[in-house]
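Biologist: Please pick one part of this model and look at it closely. Then set it in the context of the whole.

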Amino acid sequence: MDRSEARTVVEEAITQVVPGADLTRLDLDAPFRDALEFDSLDFLSFVEILSERTGLRIDEEDYPQLTTLRDTTEFLVVRTP
């Protein structure tokens with residue numbers, strides 16, 4: 001998966017959890033959980049959507065790598081074939 005595809009997957013997952021989220025105002029390096037007011041259930045839904053869309057197993061120990069748009073995109077790029 002290239003960066004463009006990964007970024008699209010991340011953005012689509014976010015908008016599924018937070019419909020109407022304005023991602024244009026979100027900095028690539030800003031923690032999106034805070035900016036979008038994700039609670040823990042929102043974050044788990046986000047992780048589940050990422051996992052379903054990519055076929056990756058995402059474990060709890062991976063969660064610290066899923067904090068910003070840039071970090072989450074990079075995580076997907078590195079982990080997917």
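**A close look at Thr-54**

Modeller: Leaving aside residues up to four places away in sequence, Thr-54 touches Met-1, Val-9, Leu-76 and Thr-80; contact means heavy atoms within 4.5 Å. This is a predicted model, where local features need pLDDT of at least 70, side-chain atom pairs count only at pLDDT 80 or more, and totals for chains, interfaces and linings use all residues. Residues are numbered from 1 along each chain as its sequence is written, and side-chain values use heavy atoms, with hydrogens and water left out.

Thr-54 sits in helix H3, which covers residues 40–54. Helices (H or I, at least four residues) and strands (E, at least two) are DSSP runs, numbered from the N terminus. The Thr-54 side chain also reaches the backbone nitrogen of Leu-56, at 3.2 Å.

Now the whole protein. There are four helices and zero strands. The order from the N terminus is α-α-α-α. The radius of gyration is 11 Å, close to the 12 Å from the globule rule for 81 residues, so the protein is as compact as a globular protein of that length. That radius is taken over C-alpha atoms, and the rule is 2.2 Å times the number of residues to the power 0.38. Along the principal axes, the C-alpha atoms fill a box of roughly 30 × 25 × 20 Å.

What share of the 81 residues counts as buried? The share is 38%, with buried meaning under 20% relative accessible area (1.4 Å probe, protein chains only). Of the contacts between residues at least 6 apart in sequence, 55% join residues at least 24 apart.

Note on methods: Polar contact = N/O pair within 3.5 Å; in protein donor to acceptor, adjacent residues only side chain to side chain. Buried < 20%, exposed > 50% of the residue type's maximum accessible area, 1.4 Å probe, protein only.
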